[in-house]
Amino acid sequence: MAVLVLVFGFSLLMFVCFALLKWNEIRFHRKGLPPGTMGWPVFGETTEFLKFGPDFMKNQKARYGNVFKSHILGCPTIVSMDPELNRFILLNEGKGLVPGYPQSMLEMLGKFNIGALHGSAHKHIRGSLLSLVGPPAIKDQLLSKINKFMSSFLLDWDGETIDIQEKTNKMTFLTSFKQIVESESDRIYEALKPEFDKLLLGTFSLPINIPGTNYYQGLQGRKEIEKILRQIMEERRGSITHNKDMLDQILKDEKSKFSLTDEEIIDQMITILFAGYETVSTTSMMAIKYLHDNPKALQELREEHLAIRRRKGAEDHIDWDDLKSMSFTHCVILETSRLASVVNGVLRKTTANLEMNGFVFPKGWKIYVYTREINYDPFLYPQPFSFDPWRWLDKSLENHKYCFIFGGGSRLCPGKELGIVQISIFLHYFVTRYRWEEVGKNEILKFPRVEARNGLYIKVSKY
Ligand code: HEM
């Protein structure tokens, strides 16, 4: 009898599961959709996606091809692993395609953040952003600040055992922060950093606004940051002192053609802090990891930087020409970004029914432009899983039409040069001052984000 009840219970469970899966398929069915599965109601295939990451993607690709449908992170989504289609999507924003970042992220970064805008509003904010972080701004203003900061941040590490992940996180936040509000940075850091951490957690949370949730905390964090920034803006407007930082450039540069409202300024500053944070800190950490594991690359990199030091006095800072001479460093940074796949892909949303690659992309669906796979394409990158910075000496690789490390089209990363400069100068002071050994067993997670689960510990000694 007990066996019969068990068999009946099991069959019922199977039936319910089957019915739920089928119902979810039918619910999202449209004529002409790409093949694929939609998983469970509400959750879709999010668990498989987060748990198995790249393997889930590869399995789905093996079953359904380069373009397949799924339901991940709360939305019906079409995943594209087709390099040609990915390129088309990135280059054709506006024609029924807009950024598709999660609601929680847009709420945390503000309605004027660049990722929430398209068309002429996007162009305006992007123009203003480029005037703050693009190459002329780096050359005239930011380079000396980054230099001063890195040189002192990397002092006195000799003999220390450090978590380089924690250090690169702190370094990245502080260096951007000082570029934005230099003179107040020491005074407001302690108040602002915990609020920024809350905001970060909020960007990838479920949008449930009740006390205790990450979303709620994130919104509280944002409110506090807004308050602090507004107060500084008020003080600056009432002061005749000229500060050479981004905030004064936005507030007081009368020649600038990008005048922004206070709300836009606040969102712009939060975006700069946010967008360059994880990308730059993770790439810096992974460069240390790969260089440690590849002594030949480290030796060549160190030679490049020692040569710069030899032609300068002990206290001289890195100038624009030094930066331009760091060609192997540039290769190390690109190879690190590729091999670690710091960015797995970008999100878009359809604003109309579209037809691409012979499939229908329904209005309102997300498109996951998954660029990770192309980083390991053996035709583009022979022996794709080995760390080979020399491959980037061939300049055509960086300009290759399927190189999406920094995105592409009208949303190509505006902070690319700034990010590379920050990492280059960090590497400069690190490899000319120190040698290092990894300590213990450090586990690096590669998906959904690159992260050293329990830190990446290294023992540092004087070079
Ligand atoms: C190694 C460092 C970096 C990597 C790998 C990286 C990667 C990317 C990628 C792939 C995109 C495209 C996103 C999309 O198409 O939706 C992007 C956009 C963006 N990045 Fe970066 N990024 C880096 C550093 C920075 C820095 C330092 C900043 C600081 C200003 C920054 C600011 C932005 C902004 C504001 C956008 C949005 C552009 C737009 O929507 O027009 N990034 N980045």
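Which residues is Phe447 in contact with, leaving aside its neighbours within four places in sequence? Here are my notes, starting with that one.

1. Phe447 touches Phe49, Gly53, Pro54, Asn344, Tyr370 and Arg372, once its neighbours within four places in sequence are set aside. Contact here means heavy atoms within 4.5 Å. Phe447 sits in the loop between strand S10 (444-445) and strand S11 (451-452). Helices (H or I, at least four residues) and strands (E, at least two) are DSSP runs, numbered from the N terminus. Phe447 counts as buried because its relative accessibility is 13%; buried means under 20% relative accessible area, exposed over 50%, and partly exposed in between (1.4 Å probe, protein chains only). Gly53 is 394 residues away from Phe447 along the chain, yet their C-alpha atoms are separated by 5.9 Å.

2. A word on what you're looking at. This is a predicted model, in which local features need pLDDT of at least 70 and side-chain atom pairs count only at pLDDT 80 or more, while totals for chains, interfaces and linings use all residues. Residues are numbered from 1 along each chain as its sequence is written, and side-chain values use heavy atoms, with hydrogens and water left out.

3. The ligand's iron atom has a single donor from the protein, the SG atom of Cys413, at 2.3 Å. Donors are N, O and S atoms within 2.8 Å of the metal (3.2 Å for Na, K and Ca), and water is not among the atoms, so sites may look incomplete. Cys413 belongs to the loop between strand S8 (366-370) and helix H16 (416-433).

4. On to the inside. The largest nonpolar core has 92 residues, and those with the most contacts inside it are Met150, Trp157, Ile164, Leu291, Ile425, Phe426 and Phe430. H16 gives the most to this core, with ten residues. Such a core is a set of buried Ala, Val, Leu, Ile, Met, Phe, Trp, Tyr and Cys residues joined through side-chain atoms within 4.5 Å. Beyond its neighbours within four places in sequence, Phe430 contacts Leu154, Trp157, Ile288, Trp436 and Ile458. Another core lies apart, with 27 residues, including Leu85, Val346, Leu354 and Met356.

5. Gly419 is also in helix H16. With a relative accessibility of 9%, Gly419 counts as buried.

6. Have a look at two helix pairs. Helix H9 (residues 214-237) packs against helix H11 (residues 262-275) at about 120°, with the axes 10 Å apart. Axes are lines fitted to C-alpha atoms, for helices over the stretch in contact, and angles run from 0 to 180 degrees between N-to-C directions. The residues making this contact include Ile225, Leu229 and Met233 of H9 and Ile265, Ile266 and Met269 of H11. By class, there are seven nonpolar, no polar and seven charged residues. Ala, Val, Leu, Ile, Met, Phe, Trp, Tyr, Cys and Pro count as nonpolar, Asp, Glu, Lys and Arg as charged, and the others, Gly among them, as polar.

7. The second pair is H6 (residues 135-153) with H7 (residues 164-180), at an angle of about 145° and with axes 10 Å apart. Among the contact residues are Phe149, Met150 and Phe153 of H6 and Met171 and Leu174 of H7. This contact has seven nonpolar, two polar and four charged residues.
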